[in-house]
Each structure stands twice: as C-alpha cells, then as structure tokens.
Amino acid sequence: MGVHHAGMNREDRSLVEDLFNSGHLQIIVSTSTLAWGVNLPAHTVIIKGTTIYNPELGSWVELSSQDVMQMMGRAGRLGYDSSGEGIVITTHNELQYYLSLLNQQLPIESQMISCLADSLNAEIVLGTISNIKDAINWLSYTYLFIRMYKKPAVYGISHSDFENDPILLQRRTDLIHTAANILDKHGLIKYDKKSGIFQVTQIGRVASHYYIKYQSMSTYNEYLKPTMGIIDLFRLFSLSHEFKLIPLREEVYFFL
C-alpha cells in the first residue's frame, strides 16, 4: 500500500505512481489531487468524504457531479481492465444526490461568465474580434450562449426578457460591454464606446500570450518599476490574482 499527497517531494510521488502502474502497489491512499489530475487507471476507486474546502467561500462544499465522475473515471479504464467499481462514502443527506448520478445525466453549466474578460482579450489579441459587433456574434457560438438559451433562469434572465429577446441579443451585448469596460479600465485594450472598436495594447498581448489574468496585469502595470529589487519583485508577484488562494506553509523558508 502506498500514499500520495502534495507534501511529498517529486521523486517520491513519481516512485509511488510507477510502482502502482507496474502492479507492485495494490492500493494508493491519496488526496483528491491525484484522482483529479494523475492518470492512474485502477480497478476500484473509493471516495471517502464528498466535501472539499472552498477558500473563496470560506466553507466546506460538496463535490460537483463532474468532480465525482472524473474521479470515478479512473476505475475500469478501457484497455487496462474489463470492469471497474466506484464506491462513494458520504452523509445520508447527500445519498440521494449521488444516487441520481447513476440514474440521470445532470446538466453541465457554463462557467464562462467568470472569465469572459480574459477570453475576450485572447480573441482580440488573436485578431478574430475587432469590435463589439464581432464580439457579440462570437458569443453566440459559445457553450455559454447555448446554456443561456436552454436555461435562461439559471443565468439571471427573466421569462419576460427571454420572450422579448429570444436570441438574447441584449444579454450578449451587456456581457460583452461589461467585459470590454473591464479590459479597458485595466489597460489591456482600448475600447472606443462610440464606434465600438477594440484596440489591443502591449499589456493585453502579454496577458494573452502567457495566460495571465487581467487583475494581475493591472497590478504589475501599476506597481512594477525599473528600480525594484528582488524582494520588491517577490512582494509584487505575490499579489498576483493567480496566487490569492495559495497559502505559504509555515515550514517553508526563503534564503536570499
């Protein structure tokens, strides 16, 4: 039996994975990270406890159906095994929910609104979108539009608004206008509201090419100075949006 978690060094984690793949280890006890991201086919997957801590909400939340199915997908992988088993150990209150995963397919909703500004910036940098009209049309080809059309109430669209605007033109316009204003405010694009034309900036190009959130680029643009030392640089980059939920372990020290 082996263990696998983020506290182990890379060599030990790789050793555990190799030993399991070769059959020398029959069981691995791991954190959810292994089940999500590491491709280790198994015959049986046991999920003990179905809640995870959400640092943004500051509370424990239930695993989504997609997370559960992703973990269970390790069991009975085609080409490795002829069958597989999945076991979920959860509270009685959540039992009916996880049983429903076996009997019906739950809809997958779009998460694009939360990252629409960054997606729009990438399209502008790519050259596929040059004005608000192009952006509104581009949004109609996304999964977000399909889900808004299928389930408007889930995305805050009232029944009367949907009847008056069945192709959701106004909703798409509002979403694009809001995202463009965010990018313009943080210096990633120049947005001419009268003509609706988008013009990319150098900061926007860097954000798109290196997958950096607009919040982080705004922080760098505001505080980055040519005279900063290495301590100041560490302090600045620690303010990055990508790092906001990453705590520093107490036993980690930096020697400069």
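Modeller: Happy to! Let's start with Ile124, which is found in helix α5; helices here are DSSP runs of H or I with at least four residues, strands are runs of E with at least two, and both are numbered from the N terminus. Before going on, please keep in mind that this is a predicted model, in which local features need pLDDT of at least 70, side-chain atom pairs count only at pLDDT 80 or more, and totals for chains, interfaces and linings use all residues. Residues are numbered from 1 along each chain as its sequence is written, and side-chain values use heavy atoms, with hydrogens and water left out.

Ile124 counts as buried, at 6% relative accessibility (buried means under 20% relative accessible area, exposed over 50%, and partly exposed in between, with a 1.4 Å probe and protein chains only). Leaving aside neighbours within four places in sequence, Ile124 is in contact with Ile129, Ile189, Phe198 and Val200, where contact means heavy atoms within 4.5 Å. The C-alpha atoms of Ile124 and Thr201 are separated by 10.0 Å, although the two residues are 77 apart along the chain.

Helix α5 also meets α10: their axes come within 9 Å and cross at roughly 110 degrees. That makes α5 roughly perpendicular to α10 (65 to 115 degrees; under 35 is roughly parallel, over 145 roughly antiparallel, and the rest oblique). The axes are lines fitted to C-alpha atoms, for helices over the stretch in contact, and angles run from 0 to 180 degrees between N-to-C directions. Asn121, Ala122 and Val125 in α5 meet Gly204, Arg205, Ala207, Ser208 and His209 in α10. By class, this contact has three nonpolar, four polar and one charged residues; Ala, Val, Leu, Ile, Met, Phe, Trp, Tyr, Cys and Pro count as nonpolar, Asp, Glu, Lys and Arg as charged, and the others, Gly among them, as polar.

Val206 also has its place in α10, and this residue is partly exposed, with a relative accessible area of 30%. Val206 is in contact with Ile212 and Met217, leaving aside neighbours within four places in sequence. Between α10 and α11, the loop holds Tyr211, which is exposed at 74% relative accessible area. Phi of Tyr211 is near 55 degrees, a positive value in a residue other than glycine.

Of its 34 residues, Leu120, Trp138, Leu139, Ile176 and Phe198 touch the most other members. At least two residues each come from α5, α6, α7, α9, β7, α10 and α11. Leu120 touches Ile129, Ala135, Trp138, Ile176, Ala179, Ala180 and Leu183, not counting residues up to four places away in sequence.

Two helices that supply this core, α6 and α9, also pack against each other at an angle of about 120 degrees, with their axes 9 Å apart. That makes α6 oblique to α9. Their contact includes Trp138 and Leu139 of α6 and Ile176 of α9, and by class it has eight nonpolar, three polar and one charged residues.

One last stop: Leu168 is found in the loop between α8 and α9. Leu168 is buried, at 2% relative accessibility, and its phi is near 55 degrees, a positive value in a residue other than glycine.

Key
Core = buried A, V, L, I, M, F, W, Y, C linked by side-chain atoms within 4.5 Å.
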